[in-house]
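Here is a short report on one protein chain. Read it with the sequence and the 3D view side by side.

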Amino acid sequence: MGNYSLSYKDILPCHNDTDQCYHPFAQILDGVNCLSIILNILHLVILNQMKEIKTTKYFFILVNFGISDIIFSISSILYFNCEVREAILQLHAPAAYWISKLIFTGIGGGTLLRFFSVFIFKY
């Protein structure tokens, strides 16, 4: 991967069994997020097949909920998975910075997309 010194290796999250990356339910969290991604993709496919629901105002909201859940789940996997964070930190500084920005934007964007869908529906 990227070039980093031995002192930089000491701050990697999974190196030397630090408490920074200790998540007792990390595999369960990743599994739930993967299941959420699969089910939301299935939900979007089923919504696309139903012709009678495409004419209602709920179709837009249901599609936005599915897309926002997929974005949030992918970003959560990238943020909370220790090995992924370590791989991102080992990249060169500009790449690691922009990937981290993209992950945080995905978490916030998925949440905002869901909020705006509910907001538009209410008014």
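Helices (H or I, at least four residues) and strands (E, at least two) are DSSP runs, numbered from the N terminus. Ser76, for example, is found in helix 3.

The model is predicted: local features need pLDDT of at least 70, side-chain atom pairs count only at pLDDT 80 or more, and totals for chains, interfaces and linings use all residues. Residues are numbered from 1 along each chain as its sequence is written, and side-chain values use heavy atoms, with hydrogens and water left out.

**The whole chain**

The protein chain has 5 helices and 0 strands. Along the sequence, the pattern reads α-α-α-α-α. The chain holds 123 residues, and 25% of them count as buried. Buried means under 20% relative accessible area, exposed means over 50%, and partly exposed lies in between (1.4 Å probe, protein chains only).

Contact means heavy atoms within 4.5 Å. Take the contacts in the protein chain with a separation of 6 or more: 71% of them come from residues 24 or more positions apart.

The protein chain exposes about 8700 Å², and carbon and sulfur atoms supply 70% of that area. Accessible areas come from the Shrake-Rupley method with a 1.4 Å probe; for residues, only the protein chains shown count as cover.

Helix 2 covers residues 26–49. Its 24 residues reach 35 Å from first C-alpha to last, close to the 34 Å expected. Helix 3 covers residues 58–80, and its 23 residues should span 33 Å. The end C-alpha atoms of helix 3 are 32 Å apart, which agrees.

Which residues of helix 2 are buried? They are Asp30, Asn33, Ile37, Asn40 and Leu47. The buried residues of helix 2 pack against helix 3. Helix 3 has buried residues of its own, including Ile61, Val63, Gly66, Ile70, Ser73 and Ser76.

Ser73 is found in helix 3. Not counting residues up to four places away in sequence, Ser73 touches Asn33, Ser36 and Ile37. The side chain of Ser73 also makes a polar contact with the side chain of Ser36, at 3.2 Å. A polar contact is a pair of N or O atoms within 3.5 Å; within protein, one must be able to donate a hydrogen and the other to accept it, and residues adjacent in sequence count only if both atoms are side-chain atoms. Ser76 is in contact with Asn33, Asn81 and Ile107, leaving aside neighbours within four places in sequence.

Ile38 lies in helix 2. The C-alpha atoms of Ile38 and Ile70 are 32 residues apart along the chain and separated by 8.6 Å.

Phe60, Leu112, Phe115, Phe116, Phe119 and Ile120 make a nonpolar surface patch of about 620 Å². Patches are made of residues with over 30% relative accessible area and no salt bridge: like charges are joined within 9 Å, nonpolar side chains (Val, Leu, Ile, Met, Phe, Trp, Tyr) within 5 Å. A salt bridge is a side-chain nitrogen of Lys or Arg within 4 Å of a carboxyl oxygen of Asp or Glu.

Which helix gives the largest share of the nonpolar patch? Helix 5 (residues 93–122) does, with 5 residues. Val118 and Phe65 are 53 residues apart in sequence, yet 9.1 Å apart in space, C-alpha to C-alpha.

| Residue | Relative accessibility | Class |
|---|---|---|
| Ser73 | 3% | buried |
| Ser76 | 3% | buried |
| Val118 | 41% | partly exposed |
| Phe115 | 49% | partly exposed |
| Ile38 | 57% | exposed |

Note on methods:
The expected span of a helix is 1.5 Å times one less than its number of residues.
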